[in-house]
Amino acid sequence: MNQTISVIVPVYNVAEYLPQCADSILSQDYGDLEVIFIDDGSTDASGQLCDQYAAKDPRVRVIHQKNGGAAAAKNAGLRTATGDYLTFVDSDDYLEPAAYGFLMKTLLETNADAVQGSFREVYRNRAEEQRILAETLEGYDYLLRFPKDFSCALLWNKLYRRSIFDGVFFEEGHKIDDEYFTYQGFLRPRKVVRVDRIVYNYRKRASSVMSSPESAERLVLDCLDSAAKRRQKILDTLPELREAFDENYLDVIWYLSGNEGSTERSLQALKDSLRSYMGEKGRTFPPLFLWKGLSKLFLIPTPKLLALCKKTCKQIDLTDYFG
């Protein structure tokens, strides 16, 4: 068996952070790595830095391509990867020491399809640990966690058997990627081991929360679109799980209706999605804990909803975020 871990790292204008990211990967205790840097049309020194690492370490491969977005970069990495094991790292983040050795040992000893670790959110002046409960999930139990636990959709705090994503690629052209992709590896019965050891450091950057009104609106619409497509995929392949993903879809609609990036267009899209859902045959009726919020979305005119949203949304303090 090929024991190589293919590490896919999309890179775009992160020269300030890339050395810490690359060093944290290449210094791992597990040495059988194929590190694929995809330079997605960077306009700073990121591409040159990737080439410098490739010149020093034969485990590094570099792909230079026109800017196509993070999903296109990750797809290029997937097409290039040759290892039987797969993981992802964002190029402004960094790994904990000995993370890959621990994850691989756990995966092989338990014969799991994936191992999920805890992670740390890193701000300029503080860090917050995001711990998960240590447990083993089998069958469709992990897939059923997706509606309840946002960390399931994250790409980068996991080690996977490459085979679970055979034929699966990222949907390009969106502001988000993971939500369209990760769950598709678990549409068949899988064994997933979750561990409470921190393996990854996620850098909180202002660019991830501060964007133009157009980008903020696009993010809301993409979140709605990804939830709708995931629900439809479940209905098509695993209809017995419908209730959980129906409720999740409604929960997403309700949550997005109060998003700081809301616009009249995005709120109207949420209204239309809710009306369409309520007209479906066989759909799950909204649970009581959601119905109050959904009824407001259903009944209140869009301009008034937008005014309420702008009034209640909290402003994010960016002073503790990286640039």
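Predicted model: local features only at pLDDT ≥ 70, side-chain atom pairs only at ≥ 80, totals over all residues.

Q: What makes α1 and α2 roughly parallel to each other?
A: The cut-off for that label is an angle under 35 degrees. The pair packs at about 25 degrees, so α1 and α2 count as roughly parallel. Their crossing is right-handed.

Q: Which residues of α1 and α2 meet?
A: From α1 there are Leu18, Pro19, Ala22, Asp23 and Leu26, and they meet Ser46, Leu49, Cys50 and Tyr53 of α2.

Q: How do the axes of α6 and α7 run, and why does the pair get the label it has?
A: The two axes come within 9 Å and cross at roughly 170 degrees. Angles over 145 degrees count as roughly antiparallel, and that makes α6 roughly antiparallel to α7. On the α6 side the contact includes Val220, Cys223, Leu224 and Ala227, while the α7 side includes Arg242, Phe245, Asp246 and Tyr249.

Q: Why are α8 and α9 called roughly perpendicular?
A: They pack at about 110 degrees, with axes 9 Å apart. The range for the label is 65 to 115 degrees, so α8 and α9 are roughly perpendicular to each other. The contact is made by Leu267, Leu270, Lys271, Leu274, Arg275 and Met278 of α8 with Trp291, Leu294, Leu297, Phe298 and Leu299 of α9. As for handedness, α8 passes α9 in a left-handed crossing.

Q: How do you know that the length of α8 agrees with what a helix of 15 residues should span?
A: At 1.5 Å a residue, residues 264-278 should span 21 Å, and the end C-alpha atoms of α8 are 21 Å apart, so the two agree.

Q: Which residues of α8 are buried, and what puts them on the same side?
A: The buried ones are Ser266, Leu267, Leu270, Lys271, Ser273, Leu274, Tyr277 and Met278. They cover an arc of only 160 degrees around the axis, which puts them on the same side of α8. What covers them includes α6, α7, α9 and α10.

Q: How does the reach of α4 compare with the expected value?
A: With twelve residues, α4 reaches 17 Å from first C-alpha to last, close to the expected 16 Å. Its buried residues are Ala99, Tyr100, Gly101, Leu103, Met104, Thr106 and Leu107.

Q: What makes the phi of Asn111 worth a look?
A: Most residues other than glycine have a negative phi. Asn111 has a positive one, near 55 degrees, and sits in the loop between α4 and β6.

Q: Where does Glu96 lie, and which residues does it touch?
A: Glu96 lies in the loop between β5 and α4. Leaving out residues up to four places away in sequence, Glu96 touches Gln28, Arg120, Ile198, Val199, Tyr200 and Asn201.

Key:
Residues numbered from 1 in each chain as written. Heavy atoms only, no water. Helix = DSSP H or I, 4+ residues; strand = E, 2+ residues; numbered from the N terminus. Expected span 1.5 Å × (residues − 1). Buried < 20%, exposed > 50% of the residue type's maximum accessible area, 1.4 Å probe, protein only. Arc of directions from axis to C-beta. Contact = heavy atoms within 4.5 Å. Axes fitted to C-alpha atoms, helices over the stretch in contact; angles between N-to-C directions. Left-handed = near helix turned anticlockwise from the far one by under 90°.
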